[in-house]
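Okay, thanks for coming, everyone.

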Amino acid sequence: MRRKPLSLNVSLINGSMDDEGIAQELGMFSSPMSTYRQEDFSIGYDFVRVKGDTLAQIGPSSLTMGRTLGRGACSRVVKAMYNDNGHDYVALKQFPLNCTRRQDMLTKELKALTEIDCECLVKLLGAYLESNTVTLVLEYMDRGTLQAVLNRHNNSNNKPLSESVAAAISFQM
């Protein structure tokens, strides 16, 4: 089943994050207008550049923040509504930059999302920097995690996935 491409032109969304003071204490950013630079990426309060190419821009008033979808070791993901048309959702993956491990994970994620062209990966739509946090704006996948899809299948069918479906999932990974 092929996903319908998101009809947004999104690359910059200014959001809000926790504890602006951490960045100041660590000396990471001198002001909200500072730029986070790592390898081929530059992310600012109002732009994101990948290998020198600036992606399109959108203001913070274009999003309505929703609920937290999940948390990991280095980030959390929040669902947001793109307000311009009222029916497109995005996922905001937020990376606080208060430790080297998180910065390394952010760089690895940015590399994967920008260097691998595969319809099986969520699309990077943009990013922004605010305080000590870089937020990646990603395509929103409305069916949830792979685990949730498998659980729904098992609960509704009371049998494991067919070999062909399991092979297709394994191939995509």
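Let me start with a question: is Y89 buried, partly exposed or exposed? It's partly exposed, because its relative accessible area is 32%. Before I go further, keep in mind that this is a predicted model.

Let's stay with Y89 for a bit. The structure holds one aromatic pair, and Y89 forms that pair with Y140. In general, you describe a pair of aromatic rings by how far apart the centres are and by the angle of the planes. For Y89 and Y140 that's 5.8 Å centre to centre and 55° between the planes, so we call the pair tilted, since over 60 would be edge-to-face. Now, where do the two rings come from? Y89 is in strand β7, residues 88–96, while Y140 is in the loop between β9 (133–139) and α3 (146–157), so the pair ties together parts that are 51 residues apart in sequence. And Y89 has another neighbour: K79 lies over the face of its ring, at 4.1 Å from the ring centre.

That takes us to the strands around β7. β7 pairs with β6 in the antiparallel sense, over seven bridges. If you want a landmark there, V78 has L92 in β7 as its bridge partner. On to β5 and β6: they run antiparallel and are joined by six bridges. R71 stands opposite R76 in β6.

A73 is exposed, with a relative accessible area of 52%. What does A73 touch, leaving out residues up to four places away in sequence? It touches R101 and R102. Taking R101, the C-alpha to C-alpha distance from A73 is 9.5 Å, with the two residues 28 apart in sequence.

Next, the other sheet I wanted to show. There's an open sheet of four strands in the order β1-β2-β3-β4, and the pairing is antiparallel. Its edge strands are β1 (35–38) and β4 (53–54), each of which pairs on one side only. Inside that sheet, β2 (residues 41–44) and β3 (residues 47–50) pair antiparallel over four bridges, and F41 stands opposite V50 in β3. Lying across β1, β2 and β3 you can see helix α2, residues 100–115, which runs at about 110° to β2.

How many salt bridges do we get here? The count comes to two.

One of them is K111 with E39, at 2.7 Å, N to O. K111 lies in helix α2 and E39 in the loop between β1 and β2, so this pair ties together parts that are 72 residues apart in sequence. As for accessibility, K111 is partly exposed at 31%, whereas E39 is exposed at 55%.

Then there's K93 with E109, at 2.9 Å, N to O. Here K93 lies in strand β7 and E109 in helix α2, so the pair ties together parts that are 16 residues apart in sequence. Is K93 buried or exposed? K93 is buried, with a relative accessible area of 17%, and the cut-off for buried is under 20%. E109, at 22%, counts as partly exposed.

Last topic, backbone angles. Most residues other than glycine have a negative phi. E39, the salt-bridge partner of K111, has a positive phi of about 50° although it is not a glycine. S131 also has a positive phi, of about 55°, and isn't a glycine either. Where does S131 sit? In the loop between β8 (124–130) and β9. S131 is buried, with a relative accessible area of 16%, whereas E39 counts as exposed at 55%.

That's my tour, so over to you for questions.

Definitions and conventions: Residues are numbered from 1 along each chain as its sequence is written. This is a predicted model: local features need pLDDT of at least 70, side-chain atom pairs count only at pLDDT 80 or more; totals for chains, interfaces and linings use all residues. Side-chain values use heavy atoms; hydrogens and water are left out. Two strands pair if DSSP finds at least two bridges between them. Helices (H or I, at least four residues) and strands (E, at least two) are DSSP runs, numbered from the N terminus. Contact means heavy atoms within 4.5 Å. Axes are lines fitted to C-alpha atoms, for helices over the stretch in contact, and angles run from 0 to 180 degrees between N-to-C directions. Rings of Phe, Tyr and Trp (its six-membered ring) pair if their centres lie within 6.5 Å; planes under 30 degrees apart count as stacked, over 60 as edge-to-face and the rest as tilted. Buried means under 20% relative accessible area, exposed over 50%, partly exposed in between (1.4 Å probe, protein chains only). A charge sits over a ring if NZ of Lys or CZ of Arg is within 6 Å of the ring centre and within 35 degrees of the ring normal. A salt bridge is a side-chain nitrogen of Lys or Arg within 4 Å of a carboxyl oxygen of Asp or Glu.
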